[in-house]
Amino acid sequence: FLEGLTDLGVDYIFSNLGTDHVSLIEELARWEQEGRAHPQMVLCPHENVAVHMAAGFAAITGRGQAVVVHVDAGTANASMGLHNMFRTRLPVLLMAGKTPFTLRGELPGSRDNYVHFVQDPFDIASLVRPYVKWEYSLPSGVVAKEVVRRAHSVMQSDPPGPVYLTLPREVLAESCADDQALPYSAERYGAVALGGIDTARAQAIADQLMQAQHPMVVTSYLGRKPEAVAALEDLALLCGVQVYEFSPVYLNMSRTHPCFMGFDPGQGLPHADLGLLLDVDVPWLPKFTQPKPETRWTHIDVDPIKKDFPMWGFATDLRVQADCAAVLRQVADLVRARADAAYHQKVAERIAAWGDQRNARRSGMAKAAAQAGQPGAIAAPYFFAQLSHALRPDDVVVNEAIR
C-alpha cells in the first residue's frame, strides 16, 4: 500500500489517525528506520483541515495527494472539504479506515474497541458519494498497489476530482509476499487528459469569431491551467473579445488586460452576437439575466454536460468537451492565418471603443475603495483595496471569512 503511494509520486499524507491505522504507523516507522523514501505524514487536528491542505496543494500543483481519516466519523468530518474539491475539480485520494468485520479475533486486526461497534454504518461511502468520482473498499493487500493506482488514475483524469477508498483493518494487518503485488507503470496506467478538437470545429469557431461584431466570453475556472490564461488573453486581443468572469474560482485573465470587462456578464449580454462559455459552471443567473435569443453560443469545457448537476439549463449551439488552452490556441492559429490588415484594424478600433466602459468600471471601483465606512462598520471595498496595496505578488492569503 505505501509502496503504491510512493510509486505514484504522492508527497504527503494529510492525516487524522484512529484505531484502524496502527499497521500504517508501524510500517512508516520501519521505513523511516531503514531510510526508505515515503510520503510525508502530516498530522492534522481536524479532517476539514486535512482535506483543505490537500486542496491547496492540488490547486497550486495540479497533483492530488492522500488524506487518511478515521472510519465514518472522519469521513463525515471530511465531507464538506470533499464537496469543495469536487465542485472546484481538484484531485484528492481520501482514505478512511473501515471498522473491522471480524468480531472475536478470527483475524489479526479484529474488533477490540467499543468504537468498532458504534462507528460501523451500513454504507460508509454514502457519506461522500455525491462528491467523489470513484469509490472502493480495499479487499486484500494482494491488490493494494493496483487499487491505489486505479484511484490515482481516476482522480487525475479530466475532469479531476476526489476519490474515496476504505481500508478494513484486517486488510491493513494482512501479510502477503512481495512478488504478489502488481507493478505500477505510469506510461501504461496513467491519467487521461483532454486535448484539442478536430480542425473542422476549430475552423467553425474561428470563422464565427472573425464574423462577429460583439463577441464575448464568460469563464470561471479556465485559470486552473496557467497556459489557458495566456491563450485566452492572446485570442481576446487578436479577435477583440470582451471577457467576463462570473463567480471565478481562479484568476482567468489579467485585470489590466484591455479585454477584461469585469464580473457582470449581464453588461455584455444585450449586445453580444457571439458568446463563448469557457470552463464555467454557471455563466449567469437565468432568473435575473437572459441572453438575446439570436446570440450564438459555443461551450468549451472540461465538463460541458455538467454530469454531476441534476439540473443545468444554459442553451448553446456547440458543446465541446476539450482542454480550453489547446482549443483557444488552435483557433488563434487559424485566425492569424486568415486575418488581414483590415481585420486587425477593425479589432483595434473595437477594443479602443471600450475605453469609456473600462474607465467607468475602474472609476466606480476607485470611488467605492475611497469610502472607508463608519466606525464599527468598515466598508468591504475600502478594506480590500487597502489589503491589495499591502500584498506582494508572492504573498498567500488564507481566507476563513464568512458574510
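The axes of helix α9 (residues 199-211) and helix α11 (residues 324-338) come within 9 Å of each other and cross at roughly 60°. That makes α9 oblique to α11, the word for angles left over when those under 35 degrees count as roughly parallel, over 145 as roughly antiparallel and 65 to 115 as roughly perpendicular. Axes here are lines fitted to C-alpha atoms, for helices over the stretch in contact, with angles from 0 to 180 degrees between N-to-C directions. Helices (H or I, at least four residues) and strands (E, at least two) are DSSP runs, numbered from the N terminus.

This is a predicted model, in which local features need pLDDT of at least 70 and side-chain atom pairs count only at pLDDT 80 or more, while totals for chains, interfaces and linings use all residues. Residues are numbered from 1 along each chain as its sequence is written, and side-chain values use heavy atoms, with hydrogens and water left out.

The table sets out both pairs; contact means heavy atoms within 4.5 Å.

Leaving aside neighbours within four places in sequence, Gln208 is in contact with Leu274, Arg296 and Thr298. The C-alpha atoms of Gln208 and Thr298 are separated by 9.9 Å, with the two residues 90 apart along the chain.

Charged pairs come next. A salt bridge is a side-chain nitrogen of Lys or Arg within 4 Å of a carboxyl oxygen of Asp or Glu, and by this rule the count comes to 23. One of them joins Arg36 and Glu3, with the closest N and O atoms 3.2 Å apart. Arg36 lies in the loop between α2 (22-34) and β2 (40-43) and Glu3 in helix α1 (residues 2-7), so this pair ties together parts that are 33 residues apart in sequence.

Two backbone details fall in loops. Most residues other than glycine have a negative phi, and most peptide bonds are trans. Asp158 and Pro159 are joined by a cis peptide bond, with omega about -10°; Pro159 sits in the loop between α6 (144-156) and β6 (162-168). Ser247 is not a glycine, yet has a positive phi of about 45°. The loop between β8 (242-245) and β9 (274-278) contains Ser247.
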